[in-house]
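Here are my notes on the model, as numbered points. Please read them with the structure open.

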Amino acid sequence: MKRGMDVLVVGEAAISGTPRPIAWELLTAARQVVDAAGGTVTGLFLGSGIAAVAREWGTAGADRVIIADDPNLDGLMADAAAAALTRAIAVTKPDVVLIPGTTAGRDYAPMVAARLGTGLAADCSELAIDDGTLTATRSVLGGRALTKIRFLGDDPAMMTIRPGSFAKAEPGAREPAFETLQVPFAPDDLRMEHIETSPKGSSVSRLDSADIVVSGGRGLKEPIQFALVEDLANALGAAVGATRAVVDAGWRPHQEQIGQTGRSVSPRLYIAIGVSGAVQHNVGMQGSDYIVAINRDPDAPIFKIASFGIVGDLFEIVPALTAEVRNVKT
Ligand SMILES: Cc1cc2nc3c(=O)[nH]c(=O)nc-3n(C[C@H](O)[C@H](O)[C@H](O)COP(=O)(O)OP(=O)(O)OC[C@H]3O[C@@H](n4cnc5c(N)ncnc54)[C@H](O)[C@@H]3O)c2cc1C
């Protein structure tokens, strides 16, 4: 690879129209590469009606922002998004392309890699510069092992990044140059059309964008005790999450499951109640800004990643905490 690495990072918007958490996280990842290796960060924001949010997003870490704002990009259907990203790569000639590991990103990333005749590393969670080359780490074998890979050759190193793997960059840090990207969409090439995306209306749909997530695990003992988690979540205005153990037991819907086989979240605050902190759970929430764990076992693995830990009986601590939150708010 040449000296310095120019990184192209893709941003997507959430249903609310604001950048998805992963969009901010990818700017952190891109800056990490460029700070270590030299080069520039170009942000490409894809979507329809996203020009204003793209501008704010770019200030969190890009040197240059390319805005692909086109009705054809509504809902980020794979054909359209692949056409836009392929065009942006042709224009910017990056060494590294970081793509959100979202449903949409996982659709269009392989299409672009195939068009360029290059490889694609899916679900990367750590990046590093090692002996001047880029390496990425990914979780494999059901989360029981981490594998490290090195990118060789001159083709762009393309990868999707697992949501929640990097801290979120804050807007206002840089003053990037902005430009728009014209994509020559060929109508016959667009094989899917976005009809609508509607919120599910429950706390489930809020998990992705919630500032606070309160999660419960098997330590709650029985499904009815999950009311403790819900009460605290309601008091804090938080979304509710769950471990696989309680989802498998039928206490909570699968949409609430956090972790390797569930959702990845990266709120400002994640409160884990009666959760042991298995690696398969932690990969879905360790990107949270602050993690508070309540567990009666002082050796529970959750305390290794917690910013604050409370060792004790959740049945005493959680109601007291909920009452205190309500007190403070009134
Ligand atoms: C391939 C694979 C994929 C997986 N994917 C996921 C995933 O996506 N998400 C996920 O969560 N898991 C996943 N798992 C399961 C994971 O390995 C753990 O089994 C699971 O996370 C444990 O859930 P838990 O913390 O609720 O239960 P436990 O591990 O049983 O932990 C319960 C905790 O509650 C504490 N406790 C008990 N009583 C109290 C009390 N009164 N007060 C305070 N604390 C108390 C205990 O000390 C304990 O630490 C996966 C496993 C595999 C093999």
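1. Gly309 touches Ala293 and Phe303, leaving aside residues up to four places away in sequence. Contact here means heavy atoms within 4.5 Å. Gly309 sits in strand E14 (residues 308–311). Strands (E, at least two residues) and helices (H or I, at least four) are DSSP runs, numbered from the N terminus. From Gly309 to Arg144, 165 residues apart along the chain, the C-alpha separation is 25 Å.

2. A word on the basis. This is a predicted model, with local features needing pLDDT of at least 70 and side-chain atom pairs pLDDT 80 or more, while totals for chains, interfaces and linings use all residues. Numbering runs from 1 along each chain as its sequence is written, and side-chain values use heavy atoms, without hydrogens and water.

3. The ligand is surrounded by 27 residues, each with a heavy atom within 4 Å of it. The closest are Arg218, Lys221, Thr243, Thr261 and Ser276.

4. A polar side-chain atom of Asn295 is 2.7 Å from a ligand oxygen. A side-chain N or O atom of Gln257 lies 2.9 Å from an oxygen atom of the ligand. For Arg244, a backbone N or O atom lies 2.9 Å from a ligand oxygen.

5. Helix H6 (residues 226–236) packs on helix H10 (residues 314–329) at about 20°, with axes 9 Å apart. H6 is therefore roughly parallel to H10 (angles under 35 degrees count as such). The contact includes Leu228 and Leu232 of H6 and Phe315 and Val318 of H10. By class, it has 10 nonpolar, two polar and three charged residues.

Terms used:
Axes are lines fitted to C-alpha atoms, for helices over the stretch in contact, and angles run from 0 to 180 degrees between N-to-C directions. Angles under 35 degrees count as roughly parallel, over 145 as roughly antiparallel, 65 to 115 as roughly perpendicular and the rest as oblique. Ala, Val, Leu, Ile, Met, Phe, Trp, Tyr, Cys and Pro count as nonpolar, Asp, Glu, Lys and Arg as charged, and the others, Gly among them, as polar. A polar contact is a pair of N or O atoms within 3.5 Å; within protein, one must be able to donate a hydrogen and the other to accept it, and residues adjacent in sequence count only if both atoms are side-chain atoms.
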